[in-house]
Amino acid sequence: EDDSVRLLSQIVEEMDLSSLYQAYSLSGRNPAVPPRIMLKVMLYAYMEGIYSSRKIEKACKRDLNFKWLLEGYPVPDHNTISRFRKERLTTCISGLFTDFVMLLYEYDEIAFENVFIDGTKIEANANKYSFVWKKSTERNHERHISKCEAFFKKISDEFGMCLEPVSDENICERLHKIITFLYEKIEAENIGFVHGKGTRKTILQRLFEEAEELLEKKILYDTYFETFNGRNSFCKTDTDATFLHMKDDHMRNAQLKPGYNLQIAVEGGYVISTEAFPDANDLHTLKPFLEKTYDMYGIRIQNVVCDAGYESEENYAYLKACGQTPYIKPAMYDKWKKRSFKKDISRIENMEYDKAGDFYICSQGKKLELVSVRTVKRRRSDYESLQRIYECDCCVDCPVKTQCTKAKGNRTLKVSKAFMDMRAESYANITSPIGIMLRMNRSIQAEGAFGAMKEDMAFRRFLTRGKENITVEYQLLCLGFNINKLHNKILSNKCGQLLYKTPQAA
C-alpha cells in the first residue's frame, strides 16, 4: 500500500492531461495504450532509473509494478515508447512539469520563497570526435574567400566575364552565375563529362567542377556559422551540443566532450525549474533561467541563492531590478579567508579607501586618485558598467613595486563602484544567520539533487539528440526525482519541511 507506484498513479490522475491528449491525432484509430497509461509507465521508469526504451519494454513484461500500471493493456514495444518520448511529450512535457510543481504548491511542499540554483554538465549522445571549432572555421573561410577570388580572376581572364568585386555576401550568387554560364557553354559545345583513370578532362569540365566544389564549401561554412549562434564549437552528430569540460574526465587530460550545461532551481528538495544551456560556465545563465522560471509560474521568488560561479555586476543589477534578494557567494570568498591574501598588498581589498576624497591609499601611504571614468559594454549583452580608473602619482622609487604591480608605469586600479556595493550587500546577506542557513540548504538541496540524479538514478548521458529531445528526457528525470522525493517525505513524516535548520538554529 505504501509503494511509490501508487503515489505516482494518484498524482497522474490528478494532473490536467489535456495537452498530452492534444498531441495525438483526432483521426484514425485510437492508440493501443492510452496516453495516460503511457505517461505513468514513462515516469515510473525514470523513477526507477530505467531510461532505454528496450529496457522499459522488458520491465513492462516482467515487473509487477509496471504490469499494475498497464491495467491490462498490451505491453508497448520499444518503438512505441520511443515515439511517445520523442514525438508526443515534446509538445506538452513543460506544461505537465509546471502542473506537477503547482500540485506541490497546493500540498504546501513548496512556497516560492527561496530558490536554490546550481548547474552541471551532462554528456550528449554524440560522437566525441565530430567537432567543429569556430576559430578553425573562420581561418578556413578566409582561405576559401581567397580561392574564390583567384577562381573569379581565372574565369574573367578565360571568358572575359565582367564580375563585381568579391564580398562574402555575393560569392554564392556569383558562383551560381558562373556554374550556369559554364553549363550552357558545355551543352552548346556538346562536351561529355569523363571520370576515372586514364581520362583527360576538358578545361570547361575542370572549371565547372571547381565552381561546384567552391559553392558547396561556401554553403557548408555559412551553415556552420549559423549553427554556432554565439558558441565556439558544436558537434556534427548533435548540432545543439557544445564541447565542454566534464568533471568525470577519467584520462585527466582536460578532454572536451559534447554536452549541455543543465541548470536546476530547487525548493523544498524538489526541482521546480530546469533549462539546458550551451555555456561553458554558469555566469550568463542566471538571467534567462530566472526569466523562464517567472514565465512558468508568474512569481518572482524572493531569495535567490547561488554559488560563486553566478557572481557578476549584471546579475546583481538584474536581481535588484526584479526586487529579489541575492544570496550569491563572492568569487573571492574562499581566498579572503587566507592569510596570504590578507598580506597581499596588491589587492584592492587590502587598501584603505577615503570616501570623502574618493581615493585609495596603498601600503606605502601613496594616493591612488581618480583619473578617468569610462563605460564598459558587455560583449554578450547590452549591459553597460561604469568603470572608475585610479592611478598612483609616482611608483618609480617604490621599494615594493614588484609586489604591487607588474606594470612598467604607475599602479592603476579599475573599479566598478556599483559592483563593489552590490557585492558587499550580497556578502552581508550570506554571512547573516538566515544567509548561512540558506547557503547550507543550497548545498544540501541543489547539489544533493544532482548527486541523486547522477549517482542514485545513474543518469550521466542523454539517449536522444537535440535540445528539444534532451529537454524531454531531463524533465522526465526531474519529475521522477520529485515523485521519489515526495514519497520519501511521506514515509519519513517530513512533509511540509522546506528548509534544513543549522545546528545553531536547531
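**Starting from one residue**

A: Happy to! Leaving aside neighbours within four places in sequence, Gln475 is in contact with Ile93, Ser94, Phe97, Thr274 and Lys292. Keep in mind that this is a predicted model.

Q: Where does Gln475 sit, then?
A: Gln475 is in helix H18, which covers residues 467-491.

Q: And is Gln475 buried or exposed?
A: Gln475 has a relative accessible area of 1%, and buried means under 20%, so Gln475 counts as buried.

Q: Is Arg6 buried, exposed or partly exposed?
A: Its relative accessibility is 41%, so Arg6 counts as partly exposed.

Q: What does Arg6 touch?
A: If you skip residues up to four places away in sequence, Arg6 touches Glu1 and Trp68.

Q: How far apart are Arg6 and Leu286?
A: Their C-alpha atoms are separated by 37 Å, and the two residues are 280 residues apart along the chain.

Q: Changing topic: how many residues does helix H10 have?
A: H10 has 26 residues, 203-228. From its first C-alpha to its last it reaches 38 Å, close to the 38 Å expected at 1.5 Å a residue.

Q: Which residues of H10 are buried?
A: Among them are Leu204, Leu207, Phe208, Leu214, Leu215, Tyr221, Tyr224 and Phe228. Gln205 and Lys218 are also buried.

Q: What covers those buried residues of H10?
A: The cover includes strand S2 (131-133), helix H8 (134-159), helix H9 (171-188) and strand S3 (233-235). Just after H10, Asn229 takes a positive phi of about 50°.

Q: What about H17, how far apart are its ends?
A: The end C-alpha atoms of H17 (residues 433-456) are 32 Å apart. With 24 residues at 1.5 Å a residue, the helix should span 34 Å, so the two values agree.

Q: Where does H17 bend?
A: The bend is at Gly448, by about 35°.

Q: Which residues of H17 are buried?
A: The buried ones include Met437, Leu438, Asn441, Arg442, Gln445, Phe450 and Met453. Just after H17, Ala458 has a positive phi of about 55°.

Q: Now the gaps. How do you find empty space in a protein?
A: Rolling a probe the size of a water molecule over the atoms shows where empty space is left.

Q: How much space lies in the largest pocket?
A: About 1,000 Å³. The pocket is lined by 32 residues, and Asp279, Ala280, Asn281, His284 and Arg380 lie nearest its centre.

Q: Which element gives the largest share of that pocket's lining?
A: Strand S4 does, with four residues. S4 (242-245), helix H11 (286-297) and helix H12 (313-321) each supply at least two residues of the lining.

Q: How many of the pocket's lining residues are nonpolar, polar and charged?
A: Eleven are nonpolar, twelve are polar and nine are charged.

Q: And how many cavities are there of 30 Å³ or more?
A: The count comes to three. The largest cavity has a volume of about 100 Å³. It is lined by 15 residues, and Cys362, Cys395, Cys398, Cys404 and Arg411 are the closest to its centre.

Q: How does the lining of that largest cavity divide up?
A: Into nine nonpolar, three polar and three charged residues.

Conventions:
Residues are numbered from 1 along each chain as its sequence is written. This is a predicted model: local features need pLDDT of at least 70, side-chain atom pairs count only at pLDDT 80 or more; totals for chains, interfaces and linings use all residues. Side-chain values use heavy atoms; hydrogens and water are left out. The expected span of a helix is 1.5 Å times one less than its number of residues. The bend at a residue is the angle between axes fitted to the seven residues ending there and the seven starting there. Buried means under 20% relative accessible area, exposed over 50%, partly exposed in between (1.4 Å probe, protein chains only). On a 1 Å grid over the protein atoms alone, a cavity is a set of points where a 1.4 Å probe fits but cannot get out, and a pocket is an open set with protein on both sides within 12 Å along at least five of seven lines; lining residues have an atom within 4 Å of a point. Grid points are joined across faces, edges and corners, and a volume is the space filled by probe spheres set on the points. Ala, Val, Leu, Ile, Met, Phe, Trp, Tyr, Cys and Pro count as nonpolar, Asp, Glu, Lys and Arg as charged, and the others, Gly among them, as polar. Contact means heavy atoms within 4.5 Å.
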